[in-house]
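Let's take a friendly walk through a protein model together. Have a look at the sequence and the 3D view below, and keep them open as you read.

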Amino acid sequence: MASITLDNIVKTYPDGYTAVKGVDLDIADGEFVILVGPSGCGKSTILRMIVGLEDISDGDLRIGEEVVNDKAPRDRDLAMVFQNYALYPHLTVYENIAFPLRLQRGAFSEEEIDAKVRRASRLLELDDHLERKPANLSGGQRQRVAMGRAIVREAQAFLFDEPLSNLDAKLRGQMRTEIARLQRALATTTVYVTHDQTEAMTLGDRVAVLRRGELQQVASPRGLYDQPVNLFVAGFIGSPPMNFVPGEVRGDVLALPMVDVPLDDRLRAAVGDRDLVIVGIRPDAFAETGTGGEREVRFDADVDVTEWMGEVLYAYVPFQTHQAVKEQLDELDRELDGEGMRTQIVIALDALSPVREGEVAELSFERSSLYVFDPATGENLTHDAERAARLDEDAREQRRRAMERARKRAEREEAPATAES
């Protein structure tokens with residue numbers, strides 16, 4: 001295992017297109033880092049540069065303390081799990097897992113290969129499938145075989161390139177927990193590329209958000225959700241995404257399309273001398289008044305459409321945006337693969353809410369739940385650096401505890417197996 005350091009990494013193709021623009025990222029030994037962003041943001045290119053499948057145009061890549069820019073992929077001691085599994089159809093599960101060991105001719109005896117394969121199959125619960133061919137396996141089982149092939153390598157790091165995108169929703173959920181469990185048990189440095197919100201927020205110790213080849217923010221999932229540094233990160237992280245509305249400063253109030261919000265000290269400091277800002281509010285920040293959800297700011301909303309999802313009810317409230325911020329919000333919508341349709345607020349309510357489409361809902365929110373962004377730069381003017389640091393420190397402590405629990409669990413599970421042998 002080893003740390004991975006990207007020092008001002010750049011990737012420019014022969015036609016002059018720069019896909020990665022000076023990315024700096026330190027990945028600690030044993031850390032699980034997610035690279036996330038819209039299509040074309042450079043996340044897969046970065047992964048391929050780490051493993052050696054793409055040349056680095058500028059900057060240094062270090063594995064441990066060694067600069068590996070000019071090393072061939074086979075000499076970097078990294079194990080990569082691809083989106084399409086890349087299994088050999090004519091080989092059994094056992095031989096697919098053993099394949100990277102057999103490539104190192106003479107490096108391992110048959111007994112050593114067998115021990116490594118069976119340890120990986122036990123970790124991945126593949127013992128009953130070792131003699132089967134890939135064609136006779138489910139998608140989740142094939143993905144576990146691909147992971148087993150990486151595990152036996154005992155490489156310095158695992159690299160995952162959207163490994164779950166070919167699976168259905170149920171299998172993705174199951175495989176997420178498998179990957180998280182294995183990473184904790186093996187304590188192997190892991191870099192994982194995905195465009196999936198749920199994978200990014202549930203798997204990683206830290207998440208690196210990319211936009212047009214530039215790193216926007218690296219933080220714990222909670223840190224990104226609670227303290228995004230700019231409009232792009234705020235709009236990308238969260239499902240449903242954060243609502244953005246224009247906020248006009250009129251004396252002592254911040255006028256939103258649906259309600260005037262009295263300016264408190266925090267909001268006043270954020271808006272400064274600006275007359276117009278972009279205000280963000282998460283869908284789950286709203287509550288219904290009259291149902292135990294009394295908040296500071298109350299308003300009535302004309303509900304256009306509702307969606308009952310079982311565990312939550314989404315209410316959609318249209319609004320007219322301000323022309324001065326329309327271009328900025330339209331550009332953000334395009335970058336986040338939106339459809340550029342009507343502007344509306346998404347409100348998450350209790351599943352038992354009586355609110356229905358065509359009705360007027362009595363809603364409320366707390367002023368502390370509002371984010372304020374500069375309409376010109378997209379900077380989060382309400383970003384709290386101290387709170388962000390506390391959230392990241394808390395995430396590091398949780399990771400340390402999780403790794404310790406996984407180590408003890410692995411020792412307990414290994415003891416019976418050792419005794420049997």
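The notes below look at one strand and then at some charged pairs.

## About the model

This is a predicted model, in which local features need pLDDT of at least 70 and side-chain atom pairs count only at pLDDT 80 or more, while totals for chains, interfaces and linings use all residues. Residues are numbered from 1 along each chain as its sequence is written, and side-chain values use heavy atoms, with hydrogens and water left out.

## A strand with two faces

Start at strand 16, which covers residues 297-302. Helices (H or I, at least four residues) and strands (E, at least two) are DSSP runs, numbered from the N terminus. In a regular strand, side chains alternate between the two faces of the sheet.

Which strand pairs with strand 16? The partner is strand 20 (residues 360-365), joined in the antiparallel sense over 6 bridges; two strands pair if DSSP finds at least two bridges between them. Arg-298 stands opposite Ser-364 in strand 20.

## Charged partners

Side chains of opposite charge can pair when their charged atoms come close. The structure holds 20 salt bridges, each a side-chain nitrogen of Lys or Arg within 4 Å of a carboxyl oxygen of Asp or Glu. Glu-31 forms one with Arg-206, with the closest N and O atoms 2.6 Å apart. This pair links distant parts of the chain, 175 residues apart: Glu-31 lies in the loop between strand 2 (18-27) and strand 3 (32-36), and Arg-206 in strand 9 (residues 206-211). Glu-31 counts as buried at 7% relative accessibility, while Arg-206 is partly exposed at 22%.

Now find Glu-397 and Arg-400, whose side chains meet in a salt bridge (2.7 Å, N to O). They are separated by about one helical turn, because they sit 3 residues apart in helix 11 (residues 385-420). Glu-397 is partly exposed, with a relative accessible area of 26%, and Arg-400 is partly exposed at 49%.

## Another pair and a network

Glu-110 forms a salt bridge with Arg-102, and their closest N and O atoms are 2.7 Å apart. Glu-110 is partly exposed at 47% relative accessibility, and Arg-102 is partly exposed at 28%. Finally, look for Lys-11, Arg-48 and Glu-54, which are linked in a network of salt bridges.

Note on methods:
Buried < 20%, exposed > 50% of the residue type's maximum accessible area, 1.4 Å probe, protein only.
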